[in-house]
Amino acid sequence: RAVVHLQAAYRAIEDKYQALDGTLLSSEQDRPGPNLAFPYDEVRDFFHRIGNYVDPLDRQGESVRAELQADPAVLSDALIERLAIRHNFKVDFDRSLSSERALRRLDRSARTVTIDGYAERSSQTFALAHQLAMLEAGDKIAEIVRRAAFRSSDANAVCEIALANYFAGAVLLPYGDFLGAARRHRHDLSVLTQLFGASLEQVGHRLSTLQRPQAQGIPFYFLRVDRAGNITKRHSATRLRFARYGGACPLWNVHEAFETPDRISVQIAEMPEGVRYLSLAQAITKAGMGHSAPRRRYAIGLGCELGDAGQVVYADDLDTTNPKQIALIGTSCRLCEREDCTQRAFPPAGRSINVDHDNRFVVPYKLRTQRSET
């Protein structure tokens with residue numbers, strides 16, 4: 001019993017300080033702190049510090065696309081040809097039903113790149129562009145990682161993959177063309193996916209990177225959430241910050257998206273500090289091959305501050321002055337100080353509670369005021 005008690009106390013303390021650590025590490029300070037972050041957290045912090053824009057890779061990817069002179073329908077063929085002619089790599093497509101089938105596999109000795117033959121066309125093209133990044137932009141990627149000075153080799157490896165993905169996104173969705181189309185069509189996601197032969201996830205992610213000096217797009221945040229509420233991807237060019245540990249706010253429409261997978265959910269969301277956002281969300285499914293293959297389900301979230309919403313087609317039918325249409329959300333329960341939220345799962349970290357044995361409300365406790373705590 002003593003060991004169990006100690007373990008429970010340890011978990012409670014760890015949970016509290018991980019929440020507080022998330023607040024600190026998500027700031028823009030460049031000072032190295034204690035080695036508390038996981039490799040993925042280190043890399044996410046790095047992309048946040050640089051504004052989620054990598055100029056040398058973005059411009060090189062855009063240049064490669066211009067050299068290919070290929071529209072989206074034949075871009076994968078152009079990438080296959082470039083891999084063969086410039087790098088002597090043959091591309092094969094794996095159409096077996098093996099559980100070991102990878103989305104992308106490189107065999108250096110055989111000089112082959114094998115792509116999942118059953119993946120969506122946009123995923124196949126992205127995988128080819130990622131491989132091209134490692135071959136043509138490898139030196140730049142290595143230099144960027146070296147300058148980032150991560151605390152672990154695992155973070156170096158994670159960042160290399162992320163930067164190669166960034167290059168691939170710049171090839172599929174070249175900056176100038178994509179920014180121009182986004183402005184012309186007022187950031188209509190369905191139009192952009194069709195124009196560039198890309199997936200919703202690829203388009204949403206790319207919108208969050210359009211921060212080139214003197215050619216900036218709307219600052220967007222982008223995230224991907226699984227059905228358990230885990231944030232598996234997150235990038236923000238806005239002031240919005242995501243929870244590092246635990247789930248996101250249950251009032252955020254990114255969770256509602258799983259209930260209506262056939263449409264884009266639109267919401268006006270207000271953070272505790274008063275900043276309002278136009279929040280878009282849609283569920284996506286990444287299906288395997290065969291009846292028994294697992295289906296991976298995610299929700300994609302994309303949004304901008306409400307001051308920029310006039311440039312986004314999804315805000316046209318919203319009454320931004322009606323307080324009833326505004327969802328009062330927070331980063332997460334552990335980091336949210338709202339005292340009147342009926343969806344609260346946990347008290348904020350560091351706040352004490354009052355439990356009334358004679359009166360039971362939706363949330364079974366009240367937060368003590370800061371003054372009474374001191």
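**Aromatic pairs**

Select Phe196 to begin: at 12% relative accessibility it counts as buried, where buried means under 20% relative accessible area, exposed over 50% and partly exposed in between (1.4 Å probe, protein chains only). This is a predicted model, in which local features need pLDDT of at least 70, side-chain atom pairs count only at pLDDT 80 or more, and totals for chains, interfaces and linings use all residues. Residues are numbered from 1 along each chain as its sequence is written, and side-chain values use heavy atoms, with hydrogens and water left out.

Rings of Phe, Tyr and Trp (its six-membered ring) pair if their centres lie within 6.5 Å; planes under 30 degrees apart count as stacked, over 60 as edge-to-face and the rest as tilted. The count by this rule is six aromatic pairs. Phe178 belongs to helix 8 (residues 175-184) and Phe196 to helix 9 (residues 189-196), so the pair links distant parts of the chain, 18 residues apart. Helices (H or I, at least four residues) and strands (E, at least two) are DSSP runs, numbered from the N terminus. Phe178 is buried too, at 0% relative accessibility.

Next, select Tyr221 and Trp252. Their ring centres are 5.7 Å apart with planes at 55°, so the pair is tilted. Tyr221 is in strand 6 (residues 220-226), while Trp252 is in the loop between strand 7 (231-236) and helix 11 (253-256), so parts 31 residues apart in sequence are tied together. Tyr221 is buried at 1% relative accessibility, and Trp252 is buried at 6%.

Then pick Phe46, Phe47 and Phe150, which ring pairs link into a cluster.

**A sheet and its helix**

Now show the open sheet of three strands, with order 1-3-2 and mixed pairing; two strands pair if DSSP finds at least two bridges between them. Strand 1 (90-94) and strand 2 (104-107) are the edge strands, each pairing on one side only. Strand 2 runs antiparallel to strand 3 (residues 112-116), and four bridges join them. Select Arg105 to find Thr114 of strand 3 opposite.

Finally, select helix 5 (residues 121-136), which packs on the sheet and touches strand 1, strand 2 and strand 3. Contact here means heavy atoms within 4.5 Å.

How values were computed: Axes fitted to C-alpha atoms, helices over the stretch in contact; angles between N-to-C directions.
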